[in-house]
Amino acid sequence: ALGRCSAILSGYLGTEEQGGAVLDVVRRVKAANPAAIYCCDPVMGHPAKGCVVPEGVQRHHAEASAASADVLCPNVLELGVMTGSEPDTPQAVVRAARALLGAGSARLVLVKHLAHAGLSPDDSFEMLLVGHEEAWHIATPLLPFGRPPVGVGDLTSALFLVGLLQGRSPKAALEHTAGAYFEVMRATSEAEEYELQLVAAQDGLVDPPRSFEAIALDA
């Protein structure tokens with residue numbers, strides 16, 4: 001069964017020991033299928049709320065996750081925790097992401113929420129995809145919410161991984177992620193709900209009606 005596994009996606013860890021269990025699964029899957037992708041969403045907190053996980057989990061992501069993942073999907077806070085930095089501009093984000101790329105086996109870092117480090121944080125949800133040679137910035141409009149929904153980071157990490165598994169280029173996977181994310185947020189905002197309206201937006205997850213262009217960033 002493991003030989004048919006094309007990817008591993010990890011998310012929130014409550015303890016450092018759970019991280020060790022995740023990496024054991026990654027090793028077993030890659031032994032059966034060396035082409036399998038390990039995508040790590042190093043959930044540690046939110047740029048507006050700070051880091052909420054124990055130091056052991058922070059250390060695990062900064063060391064073991066950074067060394068083992070093929071794709072890393074931190075937000076700007078988590079990127080800072082993993083690199084011991086406080087990136088506050090897109091260029092600083094690229095430098096920090098490239099430090100992660102140089103520290104392990106990852107080939108891509110998707111900074112899935114730029115927040116204050118973005119170009120227009122007051123009116124856009126921005127992501128930055130960084131490879132060894134290229135960096136791509138993308139933005140979608142912020143929508144009104146009485147209570148910001150949860151699970152957005154999980155959604156974007158999963159969408160990006162699926163795009164790669166479907167054979168999209170990293171840039172195309174980023175653009176599809178942005179379009180699908182926006183459709184889910186539109187449906188959630190219109191329903192005035194707190195939970196992401198994945199079922200209502202299911203067609204838009206596959207074929208987003210609105211597209212967004214990723215722009216190459218010089219950094």
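Q: What makes E3, strand E7 (124–130), helix H5 (152–165) and helix H6 (170–191) stand out in the lining of the largest pocket?
A: Each of these elements supplies at least two residues of that lining. Do keep in mind that this is a predicted model.

Q: Which residues are closest to the centre of the largest pocket, and what is its volume?
A: The volume is about 940 Å³. Of the 34 lining residues, His46, His113, Pro149, Val152 and Gly153 are the closest to the centre.

Q: How do the residues of that pocket lining divide by class?
A: There are 21 nonpolar, eight polar and five charged residues.

Q: Which residues line the largest cavity, and how many of them are charged?
A: Among them are Ser10, Leu13, Val22, Tyr38, Cys40, His60 and Ser65. Helix H1 (16–32), strand E2 (37–40) and H2 each give two or more residues to this lining. By class, five lining residues are nonpolar, six are polar and none is charged.

Q: How do you know whether Cys39 and Cys73 are buried or exposed?
A: Buried means under 20% relative accessible area. Cys39 has 0%, so Cys39 is buried. Cys73 also has 0% relative accessibility and therefore counts as buried.

Q: What makes Asn75 a cap for helix H3?
A: A side-chain oxygen of Asn75 lies 3.0 Å from the backbone nitrogen of Leu77, at the N-terminal end of H3. A polar contact needs N or O atoms within 3.5 Å, so this pair qualifies on distance.

Q: Which residues of H3 are buried, and what do they pack against?
A: In H3 (residues 76–83), the buried residues are Val76, Glu78, Leu79, Gly80 and Met82. Their packing partners are strand E3 (45–46), helix H2 (55–68), strand E5 (71–72), helix H4 (90–103) and strand E6 (108–111). Just after H3, Gly84 takes a positive phi of about 65°.

Note on methods: Residues are numbered from 1 along each chain as its sequence is written. This is a predicted model: local features need pLDDT of at least 70, side-chain atom pairs count only at pLDDT 80 or more; totals for chains, interfaces and linings use all residues. Side-chain values use heavy atoms; hydrogens and water are left out. Buried means under 20% relative accessible area, exposed over 50%, partly exposed in between (1.4 Å probe, protein chains only). Helices (H or I, at least four residues) and strands (E, at least two) are DSSP runs, numbered from the N terminus. Contact means heavy atoms within 4.5 Å. A polar contact is a pair of N or O atoms within 3.5 Å; within protein, one must be able to donate a hydrogen and the other to accept it, and residues adjacent in sequence count only if both atoms are side-chain atoms. On a 1 Å grid over the protein atoms alone, a cavity is a set of points where a 1.4 Å probe fits but cannot get out, and a pocket is an open set with protein on both sides within 12 Å along at least five of seven lines; lining residues have an atom within 4 Å of a point. Ala, Val, Leu, Ile, Met, Phe, Trp, Tyr, Cys and Pro count as nonpolar, Asp, Glu, Lys and Arg as charged, and the others, Gly among them, as polar. Grid points are joined across faces, edges and corners, and a volume is the space filled by probe spheres set on the points.
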